[in-house]
Amino acid sequence: MPYGNVRPSLSRAGLAAGVALLMLAPTGPAAAGPARVGSVQKAMEELARTPGVVGVVGGAYVDGRSVGLGSAGARLLDGKGGKIPPNSRFRIWSQTKQMVATVVLQLVEEGELGLDDKLSDLLPVVVEKDLVQRADEVTVRQLLRHTSGVPDWYADKPNPDGSEGDPAFDVFDFTTPYRPLDLVGWSRGRPRTGEPGEKWSYSNTNYTLLGLIIERLTGHDLATELHTRLFGPLRMTRSYLMAEPPDGVRGPHGHGYYPDADGTPRDVDRFNASLAGAGAGGVVSTAHDVSAFNRAFTQGKLLPPELQRVLTDRLPSAPRSRGEGRGRCGDDLYITGGSAPGSIAMTFYSEDGRRQFAMSFTLSVKPSAVEVDAGKAVESVFCPSA
């Protein structure tokens, strides 16, 4: 699912959310950590003034320690529902993909599959049911790096910038249970985006298929594997994968909205969990937990270097972040994130894994209609003297 638009104070990320796995855009020269930090609460209050934002929560971390939590706006539309708890859970959307990819690559390290194994061998059902064209040529590496050519099930047409267009499904259907294979089937009639391995083209279908591969190889559901391999070891105690309706965000949290056919914002807090999963991104987390994952991943604690590079090496054909260049914070900052009806989530993190700043914005408009100056917030916290 695509990012919202981020003004280029540090980086502009008008991108497909899965780009975060392959395109980690540096925003400034490397340097040591900051001497002091600014107020996260004040940064959240500034972001909450953005048109289309209902509420925002965020947390900043240095070397695994919190240096500030904050929230602003309200839990519900029109200032209703009280404040969002600063440590509340939120949907991280396509940041889930990096977690799914990590599990797949851990299975590669364990010898359960290879990067060049074919989809048809790993998931024979997609051939039996004719769900994926040329499945005998598509490899695990191509699925991970969005070079498979398998079309996206999420949106019919991409936006002009290459990110996904509006959802092709009923956003307000909160109850119909869909199987991952149902979602893969939605993509079958759409044109391929290229030859297998030819070029980068973002597709949620790639990760829906990878989730199915994990489940077939391990004999466990994806939620169990994420907990066993990531959430438990990294003490991400408030994270979980939504699996099917009526799964949602537990505890007090911000509600997001999406305009109906008449343009009226409708509450989509019960967004259909079976439409998220491994592909569109079903993990619910917190600023603390998603920062813990990014810190461990960046510092090489989850994968050996040669497998981590499968995700972090930039492809020549992948779009570059607009607005790349020098930030004022004096070190390389990268962004990962995603969006879907109702909200945007993003995490900024330093190249050395020492610093993270995770945020979630609940919305009253489509994510593509929001201009969020998240880079300014990061600068105000990590380099207030600038």
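**Note on cavities and aromatic contacts**

1. By class, three nonpolar, two polar and two charged residues make up the lining of the second largest cavity. The model is a predicted one. The volume of this second largest cavity is about 40 Å³, and its lining is formed by L131, V132, Q133, P151, S187, R188 and R192.

2. The count of cavities of 30 Å³ or more comes to two. For the largest cavity, the space inside is about 180 Å³. Its lining has 21 residues, of which F90, R91, G254, S343 and T362 are the closest to the centre. Three elements, β2 (53-62), β4 (90-91) and β11 (355-363), each give two or more residues to the lining of the largest cavity.

3. The lining of the largest cavity can also be divided by class: eight residues are nonpolar, ten are polar and three are charged.

4. Turning to the aromatic side chains, the whole structure holds 13 aromatic pairs. One of them joins Y154 and F169, whose ring centres are 5.3 Å apart; the planes stand at 75 degrees, so the pair is edge-to-face, the cut-off for that class being over 60. Y154 and F169 both lie in the loop between α6 (140-144) and α7 (180-186), and the pair therefore ties together parts that are 15 residues apart in sequence. Are Y154 and F169 buried or exposed? Both residues are buried.

5. A further pair is that of Y178 and W186. Here the ring centres of Y178 and W186 lie 5.1 Å apart with the planes at 75 degrees, so this pair too is edge-to-face. Y178 has a relative accessibility of 24% and therefore counts as partly exposed. W186 is also partly exposed, at a relative accessible area of 30%; partly exposed covers the range between the under 20% of buried residues and the over 50% of exposed ones.

6. Y154, F169, Y178 and W186 are among the members of one aromatic cluster.

7. R250 is placed over the face of Y240, 3.7 Å from the ring centre. In the other contact, the charged end of R355 sits over the ring of F382, at 5.0 Å from the centre of that ring.

Definitions and conventions:
Residues numbered from 1 in each chain as written. Predicted model: local features only at pLDDT ≥ 70, side-chain atom pairs only at ≥ 80, totals over all residues. Heavy atoms only, no water. 1 Å grid on protein atoms, 1.4 Å probe; cavity = no way out; pocket = protein on both sides within 12 Å on 5 of 7 lines; lining within 4 Å. Points joined across faces, edges and corners; volume = space filled by probe spheres on them. Helix = DSSP H or I, 4+ residues; strand = E, 2+ residues; numbered from the N terminus. Nonpolar A, V, L, I, M, F, W, Y, C, P; charged D, E, K, R; others polar. Phe/Tyr/Trp six-rings, centres within 6.5 Å; stacked < 30°, edge-to-face > 60°. Buried < 20%, exposed > 50% of the residue type's maximum accessible area, 1.4 Å probe, protein only. Lys NZ or Arg CZ within 6 Å of the ring centre and 35° of its normal.
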